[in-house]
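Grab a pencil and take a look at the model below. Then work through the exercises one at a time.

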Amino acid sequence: MRKGFTMVEMLIVIMTLPLVAVAADKLFRELIVDAPHTLDVVSQNDSVVRMLIRLQEDVGRATGVLPAYEGHVGDEQLLLLRIGDQVVGYKKNQDRIERHELSQPDQLDGIAYLCVAPQASVDWSLWPSEDSPSAVKVHTSIQHRRSLKQKLASNYLFFVGAYSQGLSYENN
């Protein structure tokens, strides 16, 4: 038996070693860099989905969308809903969505931070009918940090008054 390697065997190892190194580099980059970013995107999307569930319930229980209420004007940054004898406002404030109970301003816990997601984009607009808005159209997406790509983009349409009295998302 001979000891050692032939020149051909050494060349084969030298030729395949860079290919294995490139494959391993991509795998480690995926595990170390991209996996935490993906986890962050999914976490922010979870926050957006929880806010959307609350918004869907409020819009479904609402009797109307208000253009203005006591100095607050509804626009792309503020959505005003009349729910029974209450007025609830959804406000975009930098990297979060806040839910305000405007008809009870002295209540300390009247503000709920429903969505805290720095890379989230939440845009709403009113879907008009002949008399007043009949639905709220919502577009959401998560901006990926390292690129201009939008992840998990979705569109929703919530109808005003869709829930009858006493019926809510949680009761189903």
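This is a predicted model: local features need pLDDT of at least 70, side-chain atom pairs count only at pLDDT 80 or more; totals for chains, interfaces and linings use all residues.

**Exercise 1.** Work out how the protein chain is built from helices and strands.

*Solution.* Start by counting: the protein chain has one helix and ten strands. Reading along the sequence gives α-β-β-β-β-β-β-β-β-β-β. Last, check the contacts with a separation of 6 or more: 41% of them link residues 24 or more positions apart.

**Exercise 2.** Decide whether Lys92 is buried or exposed, and find what surrounds Lys92.

*Solution.* First, locate Lys92: this residue sits in strand E5, residues 86–93. Now look at the relative accessible area, which is 15% for Lys92. Buried means under 20%, so Lys92 counts as buried. Then list the neighbours, skipping residues up to four places away in sequence: Lys92 touches Glu76, Gln77, Ile97, Val122, Asp123 and Trp124. Finally, follow the side chain of Lys92, which reaches the backbone oxygen of Glu76 at 3.1 Å.

**Exercise 3.** Find the largest nonpolar core and say which elements give two or more residues to this core.

*Solution.* Begin with the general idea: in soluble globular proteins, nonpolar side chains tend to be buried together. Here the largest nonpolar core has 24 residues, and Tyr90, Trp124 and Val138 are among those with the most contacts inside it. Helix H1 (7–61) and strands E4, E5, E7, E8 and E9 each give two or more residues to this core. H1 supplies the largest share, six residues. Apart from this core lies another one of six residues, including Leu66 and Leu102.

Definitions and conventions. Residues are numbered from 1 along each chain as its sequence is written. Side-chain values use heavy atoms; hydrogens and water are left out. Helices (H or I, at least four residues) and strands (E, at least two) are DSSP runs, numbered from the N terminus. Buried means under 20% relative accessible area, exposed over 50%, partly exposed in between (1.4 Å probe, protein chains only). A polar contact is a pair of N or O atoms within 3.5 Å; within protein, one must be able to donate a hydrogen and the other to accept it, and residues adjacent in sequence count only if both atoms are side-chain atoms. Contact means heavy atoms within 4.5 Å. A nonpolar core is a set of buried Ala, Val, Leu, Ile, Met, Phe, Trp, Tyr and Cys residues joined through side-chain atoms within 4.5 Å.
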